Amino acid sequence: MQRDSAGSGDDCGGNSPDFKSAVAAALLPRPECWPLRSALARERAHSPLALHLPAHRRGQAPAFRRPRLPWAWDLPELPTIGGPLLVDGAVAESQALIAQAQGVDFSWYGVNGASGLLQAAVLALAGPSARVLLPRHHHRSLLHAAVLAGFNPLLYTVPFDAAAGLWQPLPPQQLEQLLQQAGPVDLLVLLSPTYQGLASDLPSLVAIAHRHGVPVLVDEAHGAHFGFDPTLPKAATAAGADLVVQSLHKSLGALAQTAVLHAQGPRVDRDHLCQALEWVQSSSPSALLMLSAEQSIAQRYTSGGQRQLRRCLHQARALRDVLQAHGIPLLTSDDPLRLVLHTAPLGCSGAQADAWLMARDVVAECPEVFSLTFCLGLGNSQRLQRPLLQTLQTLRRAFGEVPLQPLQPPPLPALCEPELSPGAAWRSPSRQVPLAQAHGCLAARPVCPYPPGIPLLLPGERLDAERLAWLAQQRLLWGEQIADTVTVLA
Ligand SMILES: Cc1ncc(COP(=O)(O)O)c(C=O)c1O
């Protein structure tokens, strides 16, 4: 009977789409048992040592105790509220206040992370034929910006510390040489600070670029708190950068996905920026996210906010001193709120240390080949001293302290262009081949462990023997984060 009605195409039958979806709906769990709600509730119930982003450290930072952020604050772009690209309304007023406080011409909130704002900033200045100087250790959102805009980036390589396995700040004299070598350039992108908190000499770098007539975009995703305490590096806006993107959940207390873009000076066009923001931002920006963005910045300008930052910096420095006094190897950072464990002397990669710690309820933020970064954020770091020290001492014993061999530096020229633009390569027909068989092929997809989200290989780059040997070495240290195959042009 059922078979007949199904065969005759009767929609009321047991196999009809309506019936199937009614059965599926009846079997659904109650809303509080859905996977995300359950997983978040479990995370809330058990409290690991949370040393990861967002910087509010699971709501510990006082910035958001008042106002609490209920869903009732999640309002649309009502006339009184407006949005980031509207000239009237509270959001416009709030952005103007921030621009004034930061000493820039314009500021815009972003609700798609620093990623979205970096892409808007690049798209505003760079079309398909643009010459954009991009640091080799850029965040993947900038690779995606090159794909969206259609240009082929000029990739420059910064110094690499083989013992730490980390990219270092760009020295000003190297920028001078790069600009002479590169010829005409439409945009220079700088990254400062790095995930590990290494800051560049931005005043000198920006001055050199401007002398060459080149506008500068600084990816300051990890440095929104810079400039708010005299012991921290100078902020990119104060260094004169034309465009600055800050991620507000990485170092201020805002909710994930919040960011701000600052613009100043005659080299950037406000209309172009607004247009590009419209291309890549949501048409329904969340008032809740923008409120958390506003409050996280506003709080920094209060005496209470400054005291809080001073306290966090003080506690973070004390924690570093205690760990170092007990022989835990830490790498230097310009940001005390980033604690960078040097794992190579302990005999393990950052990924191995991360997995070991995670199994013991210590959640770090960013594994790299030879290091593991903890984000201390705005929570209380004094309470971390004993448990973190004990766990790291046990980790040290567990891995036996047989130091890992220093890394090969990446076999990359100081300045180069992929053979094919990343966008063209990404869109080409492709195939997967084992790494060992990719010699001579052009990459069609990036190789990009996340975090930190820094591509080791870009679409459009050719895989020569040296690059393959280097990727194979990286694979040993990144573990499953790097596949044993690579996608190349068919
Ligand atoms: C250097 C850098 N820039 C930009 C981003 C993107 O930030 P968001 O996660 O806010 O999009 C990241 C994220 O990790 C980053 O490390």
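Student: Let's start with a charged pair. Are Arg467 and Glu461 buried or exposed?
Tutor: Keep in mind that this is a predicted model. The two side chains meet in a salt bridge, 2.9 Å from N to O. As for Glu461, its relative accessibility is 4%, and the cut-off for buried is under 20%. Arg467 and Glu461 are both buried.

Student: How many residues apart are Glu461 and Arg136?
Tutor: Arg136 counts as buried, at 2% relative accessibility. In their salt bridge the closest N and O atoms are 2.7 Å apart. Glu461 sits in the loop between strand E17 and helix H15, while Arg136 is in the loop between strand E3 and helix H6, and the number of residues separating them is 325.

Student: Which residue does Arg462 form a salt bridge with?
Tutor: Arg462 counts as partly exposed because its relative accessibility is 36%. The closest N and O atoms of the bridge are 2.8 Å apart. The partner is 43 residues away, in the loop between strand E16 and helix H14. That partner is Glu419.

Student: How many salt bridges does a search of the whole structure find?
Tutor: Among them are Arg462 with Glu419 and Glu461 with Arg136. Arg467 with Glu461 is another. For the whole structure, the count is 5.

Student: What is the nearest side chain of opposite charge to Asp229, and how far away is it?
Tutor: Asp229 lies in the loop between strands E8 and E9, and its side chain has a polar contact of 2.5 Å with that of Thr231. Beyond its close sequence neighbours, Asp229 is in contact with Leu309, Arg310 and Leu313. Asp229 is buried and has none, the nearest opposite charge being Arg310 at 5.1 Å.

Student: Which side chain makes a polar contact with the side chain of Glu365?
Tutor: Glu365 is in the loop between strands E13 and E14. Glu365 is buried without a salt bridge, and Lys250, the nearest side chain of opposite charge, is 6.0 Å away. The polar contact, at 2.5 Å, is with Tyr195.

Student: Where domain 2 and domain 3 meet, how many salt bridges does the rule find?
Tutor: The domain assignment gives 64-300 for domain 2 and 305-399 for domain 3. Together they bury about 1,900 Å², 50% of it on carbon and sulfur atoms. On the domain 2 side, Tyr195, Gln196 and Arg300 lose the most area. Across this interface there are 14 residue pairs in polar contact, but the number of salt bridges is 0.

Student: Why does Pro171 count as partly exposed?
Tutor: Pro171 is in the loop between strand E6 and helix H7. Leaving out neighbours within four places in sequence, Pro171 is in contact with Pro159 and Leu205. Buried would need under 20% relative accessible area, and exposed over 50%. Pro171 is partly exposed because its value is 23%.

Terms used. Residues numbered from 1 in each chain as written. Predicted model: local features only at pLDDT ≥ 70, side-chain atom pairs only at ≥ 80, totals over all residues. Heavy atoms only, no water. Helix = DSSP H or I, 4+ residues; strand = E, 2+ residues; numbered from the N terminus. Buried < 20%, exposed > 50% of the residue type's maximum accessible area, 1.4 Å probe, protein only. Lys, Arg positive; Asp, Glu negative; His and termini not counted. Salt bridge = Lys/Arg side-chain N within 4 Å of Asp/Glu carboxyl O. Polar contact = N/O pair within 3.5 Å; in protein donor to acceptor, adjacent residues only side chain to side chain. Contact = heavy atoms within 4.5 Å. Domains from an automatic or database assignment. Buried area = accessible area lost by both parts, 1.4 Å probe.
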